[in-house]
Amino acid sequence: MSNEVALITSAVLLVTAVAALLSKRISISLITLFYSSITLGIIFTLYNGVLVGLLHIVTFAGAVSVLLLTAILMVGEPKLDMNASQAAVATLGAVLVVVALAAYDLLGGLPTVPGPASSYPPTALLQFVWLFRPWDLLILLMVFAASMIVVVNLFSQEEP
Amino acid sequence: MVTDQLIFLVTAGAMVFLGLGSMSLSRNLIKTIMSFQVLVFGVNLALFASSLGGQFSLISNSLVLFSIIVGACVEAVGLAIVVAVYRKYGTLNPSEIRRLRN
């Protein structure tokens with residue numbers, strides 16, 4: 001796949017993320033974060049990660065966005081401002097410097113790590129997950145169930 | 001030579017640092033959760049990009065899958081805590097909450 005696709009999708013992802021973080025209105029932040037989730041899901045899908053991309057879109061653009069919207073509706077739209085604008089500008093500058101340094105370092109080429117990947121049978125992703133990583137799925141289910149219990153407990157607390 | 005992997009890794013690094021910076025500077029708990037979401041996006045992209053053009057795409061996909069579920073669960077719990085804190089203190093400003101608690 002050509003570099004232009006990666007460049008365009010990365011630019012869209014960064015712009016939407018920065019817009020979500022720097023926006024003063026929380027509704028604008030929510031909308032741009034939604035677009036950021038969609039863009040990241042599209043990146044995964046374009047680069048042969050269809051299952052991951054679809055799960056990402058369903059989870060973050062769907063469920064988490066609705067959760068955020070519900071929380072915002074419950075607490076109202078508060079005033080959003082950064083702690084100090086100078087600190088925000090300094091952080092943004094530091095981020096740019098770190099990214100430039102990382103890009104300069106990475107331009108030298110990434111080391112390739114040899115591994116036993118050739119021993120894996122050429123199965124589909126779902127089959128691979130179910131055959132070789134059952135504990136991952138079990139742990140995921142446990143994490144999901146535990147978080148749901150915590151959420152239900154927190155929402156069911158009575159006001160003093 | 002600039003590759004897709006390099007572009008995505010740099011983007012992921014930028015998103016992680018942006019999320020961390022915004023989390024530390026935010027004065028609103030919902031904005032903090034949003035910053036955490038951007039951080040999770042960066043981590044997911046880095047995990048995914050680390051296997052582009054390599055041999056470990058299946059393991060990378062499994063790790064991204066894991067990260068997506070754990071990130072979503074953490075965000076759900078965080079939002080529930082935010083709502084509970086707002087019910088108790090009536091504000092989402094962490095310093096104001098600290099002052100009211102004292």
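A residue is called buried if 20 or more other C-beta atoms lie within 10 Å of its own, exposed if 12 or fewer do, and partly exposed in between, with C-beta atoms placed from the backbone. The views show a predicted model, in which local features need pLDDT of at least 70 and side-chain atom pairs count only at pLDDT 80 or more, while totals for chains, interfaces and linings use all residues. Residues are numbered from 1 along each chain as its sequence is written, and chains are lettered from A and ligands numbered from 1 in the order in which they are written.

**View 1. Chain A has six helices and zero strands.** Helices (H or I, at least four residues) and strands (E, at least two) are DSSP runs, numbered from the N terminus, and along the sequence chain A reads α-α-α-α-α-α. Of its 160 residues, 20% are buried. Where contact requires C-beta atoms, placed from the backbone, to lie within 7 Å, residues 24 or more positions apart account for 44% of the chain A contacts with a separation of 6 or more.

**View 2. Helix H2 of chain B covers residues 29-49.** Its expected span, 1.5 Å times one less than its number of residues, is 30 Å for 21 residues, and this agrees with the 30 Å between its end C-alpha atoms. Because 19 of the 21 residues of H2(B) are buried, this helix is largely enclosed by the rest of the structure.

**View 3. The largest nonpolar core holds 55 residues.** Such a core is a set of buried Ala, Val, Leu, Ile, Met, Phe, Trp, Tyr and Cys residues joined through C-beta atoms within 7 Å, and in this one B:Met15, B:Val38 and B:Leu45 touch the most other members. The greatest contribution, 13 residues, comes from H2(B). Leaving aside neighbours within four places in sequence, B:Val38 is in contact with A:Ala17, A:Ala20, A:Leu21, B:Met15, B:Leu18 and B:Gly19.

**View 4. H3(A) packs with H3(B) at an angle of about 5 degrees, their axes 10 Å apart.** Axes are lines fitted to C-alpha atoms, for helices over the stretch in contact, and angles run from 0 to 180 degrees between N-to-C directions; those under 35 degrees count as roughly parallel, over 145 as roughly antiparallel, 65 to 115 as roughly perpendicular and the rest as oblique. The two helices, H3(A) and H3(B), are therefore roughly parallel to each other.

**View 5. B:Lys88 lies in helix H3 of chain B.** With 14 C-beta neighbours inside 10 Å, B:Lys88 counts as partly exposed.

Note on methods: Two residues are in contact if their C-beta atoms, placed from the backbone, lie within 7 Å.
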